[in-house]
Amino acid sequence: MIKYLSYILCFLFIVACENSEEEINALTTKRIAVEEAKFIESYLSQGGKMRARLTAPVMNRYQTDSPYIEFPNTLHVDFFKDSLLKVESQLDAKYGRYKESDNKVFLRDSVIVFNDKKDTLKCQELWWDQNLEKFYTDKPVQIHQPDKIIFGNGLEADQAFNWWVITQVTGELLVPKGGFATTPVIDSSMTAPGDGGVDSLQLNVPPPPFRPVPRMRSPVDSAREAQRRARDSARQ
């Protein structure tokens with residue numbers, strides 16, 4: 001009898017300990033605390049000086065074993081030279097993630113960095129190392145300058161964007177002084193004499209109205225006409 005009761009108690013204990021898979025996952029999954037802030041403005045101090053100001057519409061801070069901050073809806077950074085009144089470079093990106101342990105910011109989607117010299121960096125991914133005060137990437141990049149555009153793969157630059165080095169230059173495009181303008185479209189159906197170049201191009205202009213030119217009479221014709229009139233007078 002005692003042995004039989006022991007079996008019943010063990011069975012009830014096992015049944016009581018059964019849980020669904022969802023309940024087990026809920027118990028074993030570690031909850032991540034998220035702190036959200038909107039319309040934030042943060043300042044970065046380096047070497048005892050205020051060097052940058054970051055603004056973003058949304059900031060999420062994730063409390064994990066390696067805490068990080070996420071900017072999911074764009075961010076903008078102004079980099080200062082000596083004071084808050086002198087902005088020497090600016091940064092824009094659609095997404096950013098700041099790793100607190102590494103003191104690095106990963107930037108993604110339409111990343112743009114430009115300085116007061118009209119040099120502009122465009123890329124899709126970029127790392128910002130706040131300890132070294134540098135940007136770097138191994139992805140395709142473009143450097144836009146007033147007179148040319150340089151294409152390449154990989155880049156390293158200081159955060160003020162005073163200097164930059166492209167790892168592998170893949171091409172260069174010169175920019176006209178007046179910038180790129182829309183060129184006129186030439187109709188291939190229009191023909192021209194000679195070599196058919198632009199200088200000898202004939203436009204489809206309607207011809208002028210026809211005006212007959214009077215025929216000039218030669219001296220021989222005049223003498224014959226005088227003889228004919230003399231014969232007619234003699235007959236009369």
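Is D78 buried or exposed? I looked up D78 and found this residue buried, at a relative accessible area of 9%. Here buried means under 20% relative accessible area, exposed means over 50%, and partly exposed is in between (1.4 Å probe, protein chains only).

Notes on the source. The model is predicted; local features need pLDDT of at least 70 and side-chain atom pairs count only at pLDDT 80 or more, while totals for chains, interfaces and linings use all residues. Residues are numbered from 1 along each chain as its sequence is written, and side-chain values use heavy atoms, with hydrogens and water left out.

Entry on D78. I placed D78 in strand β4; strands (E, at least two residues) and helices (H or I, at least four) are DSSP runs numbered from the N terminus. I found a polar contact between the side chains of D78 and H76, at 2.7 Å. For a polar contact I took a pair of N or O atoms within 3.5 Å; within protein, one must be able to donate a hydrogen and the other to accept it, and residues adjacent in sequence count only if both atoms are side-chain atoms. I then listed contacts (heavy atoms within 4.5 Å). Leaving out residues up to four places away in sequence, D78 touches R51, A52, R53, V87, S89 and Q90.

Entry on salt bridges. I searched the whole structure and got eight salt bridges, each defined as a side-chain nitrogen of Lys or Arg within 4 Å of a carboxyl oxygen of Asp or Glu. I wrote up some of these pairs.

R51 and E133. I found their side chains in a salt bridge, at 3.9 Å from N to O. R51 lies in strand β2 (residues 49-63) and E133 in the loop between β8 (120-129) and β9 (134-144), so this pair ties together parts that are 82 residues apart in sequence. I read R51 as buried at 17% relative accessibility, and E133 as partly exposed at 26%.

E70 and R97. I found the closest N and O atoms of this salt bridge 3.7 Å apart. The pair links distant parts of the chain, with E70 in strand β3 (residues 68-71) and R97 in strand β6 (residues 95-99), 27 residues apart. E70 is buried, at 12%, and R97 is partly exposed, at 30%.

K86 and D116. I noted a salt bridge here too, with the closest N and O atoms 3.8 Å apart. K86 sits in the loop between β4 (75-80) and β5 (87-93), and D116 in the loop between β7 (104-115) and β8, 30 residues apart. K86 is partly exposed at 39%, and D116 is partly exposed at 46%.
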